[in-house]
Amino acid sequence: MKLRIKGASVRLRLTQRDVRALEERGFIEERVPFPSGSSLTYRLARDNGAARIQASLTDTVLEVRLPEQLARDWCRNDTVTLS
C-alpha cells in the first residue's frame with residue numbers, strides 16, 4: 001500500500017494482495033520509520049459502525065476507515081476507486 005498526501009487529500013494505492021488482506025483481516029497497514037526513532041503508521045480498515053469513509057490522525061497513526069459493507073463489496077468487484 002502506498003500513501004500519497006497532497007493538500008487536504010489523502011490517497012492510498014493498494015495492490016491486489018493488499019485488497020485480499022483487507023478482505024481477510026479487516027485492515028492493512030504500513031509503517032514509515034524515521035532516523036529519529038519515531039514512525040508514521042498508515043492504516044486502511046473496515047469499520048462496522050462507519051456510515052461513510054472517514055480519516056483520522058491520532059499521535060503517529062493515520063487511519064482511513066471504510067464502512068464494512070462498502071469495503072466488502074469493493075474487495076469483491078472490479079471497482080478501482082473509492083472517494
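How many salt bridges does the count come to? The count comes to seven salt bridges. The model is predicted.

1. **Glu 23 and Arg 76.** These two residues form a salt bridge, with the closest N and O atoms 2.7 Å apart. Glu 23 belongs to helix α1, while Arg 76 sits in the segment after α2, so the pair ties together parts that are 53 residues apart in sequence. Glu 23 is partly exposed, at 24% relative accessibility. Arg 76 has a relative accessible area of 55% and counts as exposed, because the cut-off for exposed is over 50%.

2. **Arg 43 and Glu 29.** Here too there is a salt bridge, and the closest N and O atoms are 2.7 Å apart. Arg 43 is in strand β4 (residues 39-47) and Glu 29 is in strand β3 (residues 27-33), so the link ties together parts 14 residues apart in sequence. Both ends are partly exposed: Arg 43 has a relative accessible area of 22%, and Glu 29 is at 38% relative accessibility.

3. **Arg 65 and Asp 47.** This salt bridge has its closest N and O atoms 3.4 Å apart. Arg 65 lies in strand β6 and Asp 47 in strand β4, so parts that are 18 residues apart in sequence are tied together. Is Arg 65 buried or exposed? Arg 65 counts as buried at 16% relative accessibility, because buried means under 20%. Asp 47, with a relative accessible area of 22%, is partly exposed.

4. **The network.** Which residues are linked in a network of salt bridges? They are Glu 29, Arg 43, Asp 47, Glu 63 and Arg 65. The Arg 43 to Glu 29 pair and the Arg 65 to Asp 47 pair both have their residues in this network.

5. **Largest pocket: volume and centre.** The volume of the largest pocket is about 710 Å³. Its lining has 23 residues. Leu 12, Trp 74, Val 80, Thr 81 and Leu 82 lie nearest the centre.

6. **Largest pocket: which elements line it.** Two or more lining residues come from each of β2 (9-13), α1 (16-25), β5 (54-58), β6 (61-67) and α2 (68-75). β2 gives the largest share, five residues.

7. What does the lining hold by class? It has 13 nonpolar, eight polar and two charged residues.

How values were computed: Residues are numbered from 1 along each chain as its sequence is written. This is a predicted model: local features need pLDDT of at least 70, side-chain atom pairs count only at pLDDT 80 or more; totals for chains, interfaces and linings use all residues. Side-chain values use heavy atoms; hydrogens and water are left out. On a 1 Å grid over the protein atoms alone, a cavity is a set of points where a 1.4 Å probe fits but cannot get out, and a pocket is an open set with protein on both sides within 12 Å along at least five of seven lines; lining residues have an atom within 4 Å of a point. Grid points are joined across faces, edges and corners, and a volume is the space filled by probe spheres set on the points. Helices (H or I, at least four residues) and strands (E, at least two) are DSSP runs, numbered from the N terminus. Ala, Val, Leu, Ile, Met, Phe, Trp, Tyr, Cys and Pro count as nonpolar, Asp, Glu, Lys and Arg as charged, and the others, Gly among them, as polar. A salt bridge is a side-chain nitrogen of Lys or Arg within 4 Å of a carboxyl oxygen of Asp or Glu. Buried means under 20% relative accessible area, exposed over 50%, partly exposed in between (1.4 Å probe, protein chains only).
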